[in-house]
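Q: Could you walk me through the aromatic rings and the ligand site in this one? I'd like the cut-offs spelled out as we go.

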Amino acid sequence: MEFPTFSVLPRHVAVIMDGNGRWAKKRGLPRTAGHIEGARTFRKIGEYAGDLGIRHITFYAFSTENWSRPENEVSAIMKLFGDYLEESRERLEESIQKGIRLRFLGDKSRIDPALTALMDFMEEATAGGKKIDLNIALNYGGQQEILQAVKSLARDAANGTIDPDAIDAGAFESRLYTAGQPPVDLMIRPSGEQRISNFLLWQSAYAEFWYSDVLWPDFTEEHFNEALRAYEKRNRRFGGV
Ligand code: IPE
Ligand code: IPE
Ligand code: MG
């Protein structure tokens with residue numbers, strides 16, 4: 001594959017990694033087999049985005065609603081996530097060299113403490129990364145994120161550390177999991193679904209959307225290029241003319 005160049009790159013790409021279950025079903029395999037393959041795709045596309053020079057990328061790995069799935073599926077996903085964390089720790093030096101800053105978006109309180117310990121370790125160990133912000137949304141819900149931001153502002157207003165009238169978009173954003181990162185420019189959703197599924201609701205206010213019928217385990221660098229090509233041609237107006 002030729003290494004492509006783009007006239008304009010999105011600063012922040014968000015990816016809804018969807019279609020693992022259907023990928024497995026098509027092959028007569030258990031849904032968990034789809035998650036295993038999907039986790040491989042995540043590594044591949046994450047690396048590729050970094051090679052292309054995407055500055056911020058956020059992958060949706062597990063939503064606040066995904067707990068409603070069968071217990072064995074939830075634990076299989078958490079196990080794969082744990083494997084990824086272990087591998088990331090082993091490859092820490094490489095990440096640091098590449099300037100990768102790893103962050104986890106979501107409510108950590110419901111995640112296994114053995115995992116959150118590793119998550120915290122990786123976030124701290126890569127905090128100096130300045131080339132690419134690699135965000136993984138786990139137990140993430142856009143509504144939950146907004147609510148926790150509201151509660152944190154309300155607490156500060158109640159104890160007098162902030163003036164309610166001084167709460168602006170910047171103050172609000174500083175309480176989101178994405179604090180300090182730019183809004184989403186391009187939202188990618190494979191698997192044929194055309195919905196946001198509670199992902200980055202505030203941050204995608206003016207995002208461009210790209211959909212495809214490809215199932216996430218089949219998603220390749222070429223699909224990513226296709227999404228970036230589509231983005232190049234979009235005329236973003238932000239409410240202007
Ligand atoms: C996305 O694939 C992975 C997670 C939501 C964790 P799905 O498991 O939703 O796959 P489909 O949508 O059932 O095909
Ligand atoms: C969104 O996919 C969540 C993740 C990819 C982690 P879902 O499969 O959970 O979304 P719905 O249920 O089709 O909206
Ligand atoms: Mg799905």
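A: Buried means under 20% relative accessible area, exposed means over 50%, and partly exposed lies in between, with a 1.4 Å probe and protein chains only. This is a predicted model, in which local features need pLDDT of at least 70, side-chain atom pairs count only at pLDDT 80 or more, and totals for chains, interfaces and linings use all residues. Residues are numbered from 1 along each chain as its sequence is written, and side-chain values use heavy atoms, with hydrogens and water left out.

Q: Is Tyr211 buried or partly exposed?
A: Tyr211 has a relative accessible area of 29%, so it counts as partly exposed, and Phe209 is partly exposed as well, at 26%.

Q: And what about Trp216 and Phe219, buried or exposed?
A: Both Trp216 and Phe219 are buried.

Q: Which rings are linked with those two into a cluster?
A: Ring pairs join Phe42, Phe59 and Tyr84 with Trp216 and Phe219, where rings of Phe, Tyr and Trp (its six-membered ring) pair if their centres lie within 6.5 Å, and planes under 30 degrees apart count as stacked, over 60 as edge-to-face and the rest as tilted.

Q: Switching topic, which residues surround ligand 2?
A: Among them are Tyr60, Phe62, Asn66, Arg69, Arg195 and Ser197, where being near requires a heavy atom within 4 Å.

Q: How far is an oxygen atom of ligand 2 from an N or O atom in the side chain of Ser197?
A: That distance is 2.6 Å, while for the side chain of Arg195 the corresponding distance is 2.8 Å; a polar contact is a pair of N or O atoms within 3.5 Å.

Definitions and conventions
Chains are lettered from A and ligands numbered from 1 in the order in which they are written. A polar contact is a pair of N or O atoms within 3.5 Å; within protein, one must be able to donate a hydrogen and the other to accept it, and residues adjacent in sequence count only if both atoms are side-chain atoms.
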